[in-house]
Amino acid sequence: MTTRLRAVSLPLLALPVLLALGAPSRAEDRQLPTSKGDVVLSFAPIVKRVAPAVVNVYASRVEKRPRNSLMDDPIFRQFFGGHDRPGNPTAQSLGSGVVVDASGLVITNYHVIDGMTDVRVAMSDKHEYPADIVLRDQRTDLAVLRLKGAQNLPVMELGDSDALEVGDIVLAVGDPFGVGQTVTQGIVSGLARSQIGKSDYQYFIQTDAAINPGNSGGALVDMKGRLIGINSAIYSQSGGSVGIGFAIPVNMVKSVITAARAGEKAVRRPWLGASLQGITRDMGEALGLDRPAGVLVSEIVDGGPADAAGLKRGDVITAVDGAPVDDPDAFGYRLATKPLGGTAGLTVRRGNQTLALALKLIPPPEVPARDAVTLRNDSPFSGATVVNLSPAVADEMQINGARSGVVVSAVADDSNAAMTGIQKGDVIVGLDRAKVTSTRQFEKATGARQDFWHVTIDRGGQIIDSEVGG
């Protein structure tokens with residue numbers, strides 16, 4: 001039986017979380033129970049406090065299917081009962097969310113509402129509200145809803161996920177398998193987990209609190225009744241909980257909430273303007289490091305924030321504002337959680353020196369403008385949507401190294417482009433031995449019919465030269 005990582009995307013119902021068991025925040029105050037009285041303490045007070053802020057999210061969309069043209073024939077309609085097949089089927093998704101603003105803002109998982117057009121939210125007291133999707137952030141697998149007509153709602157207090165330690169007690173709230181609001185208890189099993197595959201930012205909280213299908217978007221709460229994570233995925237052989245669940249740290253969630261409150265449609269994050277790579281054991285020895293930790297600067301964008309800060313190729317970044325970074329995922333998380341404006345302090349190893357550099361926290365520029373074009377000609381690229389490459393596009397689509405060309409942002413199913421093998425994220429850098437410089441130039445170049453095309457594509461840093469038939 002194959003072991004797979006699963007998004008817990010069915011219902012993530014509204015369930016209160018934790019309990020004020022009063023676990024002290026200082027590490028030196030944490031202790032094992034010393035009496036029978038300690039053992040029989042209950043999580044109920046925390047659950048009562050946080051439950052009202054956890055909600056159920058019901059999302060749906062109508063799947064349109066083509067009409068049978070034979071039904072236009074009255075004889076055919078009469079033969080088959082005088083009507084076509086029943087109405088279009090409806091796709092549904094169930095999940096949970098957490099109220100983060102009394103005016104009606106709810107945070108949930110992106111995969112709960114992905115592709116959905118109708119969203120309703122049910123509170124723990126059974127009140128229901130229609131909801132608008134005000135922000136989708138696929139990169140973090142988060143989305144924000146606004147409840148229509150809601151006011152003075154109970155709000156979940158936001159905690160600090162950086163203060164978590166392995167072994168801390170946590171509660172998870174959701175509606176596993178649709179059985180009803182359920183609270184489960186466990187500990188923080190690990191921090192900074194990567195290779196989860198649910199978002200661009202691989203820095204998850206791992207917990208053994210039971211999380212099952214139906215928990216997506218629900219709350220992971222600490223012993224002060226504060227939100228410290230949004231439950232997102234499980235590792236399972238059967239689809240049920242085996243004690244390995246993952247939550248998005250609340251410090252990442254905060255940037256998405258801030259953008260929604262400001263009325264933004266997308267989350268803008270700081271731009272480094274450099275390419276990074278992890279450090280292997282052999283690389284660490286060659287660089288004179290005590291252990292293979294930190295991130296190696298492999299390329300600098302001229303005029304970008306890294307360049308302005310004084311970073312150079314071969315530098316090793318070991319910390320951001322004093323927080324250690326052991327790999328590119330950790331660095332990406334630390335930078336992404338910083339607010340725009342001001343600076344972040346980088347601790348850098350350069351040879352035998354340790355430097356302190358100030359990185360300006362500015363968003364990546366969208367220059368040139370995207371100027372999206374969907375090709376509708378008879379070329380092998382028809383059905384692909386391309387945008388101009390810019391630092392903003394490169395950052396959004398996680399494109400490293402490419403400095404020119406157009407980026408494939410979407411490929412229509414069953415299109416010429418799909419059959420040719422064009423993929424989302426490909427950077428088309430050359431066509432018939434000429435450089436591709438813009439979407440309009442590429443559209444014009446593919447407009448004339450010909451038997452064969454020579455195309456050069458940068459796919460994840462690998463250059464692919466191919467001949468495709470017209």
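This is a predicted model: local features need pLDDT of at least 70, side-chain atom pairs count only at pLDDT 80 or more; totals for chains, interfaces and linings use all residues.
The largest cavity has a volume of about 50 Å³. Which residues line the largest cavity? They are Thr140, Ser199, Tyr201, Tyr203, Phe204, Ile248, Pro249, Met252 and Tyr333. Sorted by class, that lining comes to 7 nonpolar and 2 polar residues, with no charged ones.

Now for the open space. The largest pocket has a volume of about 920 Å³, and 36 residues line it. Lying nearest the centre of that pocket are Ala274, Asp395, Gln398, Ile399 and Asn400. By class, the pocket lining splits into 19 nonpolar, 11 polar and 6 charged residues. At least two lining residues come from each of β14 (274-278), α8 and α9 (391-396). Which element gives the largest share of this lining? It is α8, with 7 residues.

So let's stay with that helix. At the start of α8, Asp327 has a side-chain oxygen that reaches to within 3.2 Å of the backbone nitrogen of Asp329. The buried residues of α8 are Ala330, Phe331, Tyr333, Arg334, Leu335 and Ala336.

One is Arg334, which sits in α8, residues 328-336. Is Arg334 buried or exposed? With a relative accessible area of 13%, Arg334 falls under the 20% cut-off and therefore counts as buried. The Arg334 side chain makes a polar contact, at 3.2 Å, with the side chain of Tyr203, and Tyr203 is one of the residues lining the largest cavity. Not counting residues up to four places away in sequence, Arg334 touches Asp162, Tyr203, Val320, Ala323 and Val325.

In soluble globular proteins, nonpolar side chains tend to be buried together. Here the largest nonpolar core has 76 residues, and those touching the most other members are Ile107, Leu147, Met156, Leu311, Ile317 and Phe331. Helix α5 (residues 250-261) gives the most to this core, with 7 residues. Apart from that core lies another, of 17 residues, among them Phe381, Leu431, Val436 and Phe442.

Leaving aside neighbours within four places in sequence, Leu311 is in contact with Leu272, Val297, Ile300, Ala306, Ile317, Leu346, Val348, Arg350 and Leu357.

Technical notes. Residues are numbered from 1 along each chain as its sequence is written. Side-chain values use heavy atoms; hydrogens and water are left out. Helices (H or I, at least four residues) and strands (E, at least two) are DSSP runs, numbered from the N terminus. Buried means under 20% relative accessible area, exposed over 50%, partly exposed in between (1.4 Å probe, protein chains only). A polar contact is a pair of N or O atoms within 3.5 Å; within protein, one must be able to donate a hydrogen and the other to accept it, and residues adjacent in sequence count only if both atoms are side-chain atoms. Contact means heavy atoms within 4.5 Å. A nonpolar core is a set of buried Ala, Val, Leu, Ile, Met, Phe, Trp, Tyr and Cys residues joined through side-chain atoms within 4.5 Å. On a 1 Å grid over the protein atoms alone, a cavity is a set of points where a 1.4 Å probe fits but cannot get out, and a pocket is an open set with protein on both sides within 12 Å along at least five of seven lines; lining residues have an atom within 4 Å of a point. Grid points are joined across faces, edges and corners, and a volume is the space filled by probe spheres set on the points. Ala, Val, Leu, Ile, Met, Phe, Trp, Tyr, Cys and Pro count as nonpolar, Asp, Glu, Lys and Arg as charged, and the others, Gly among them, as polar.
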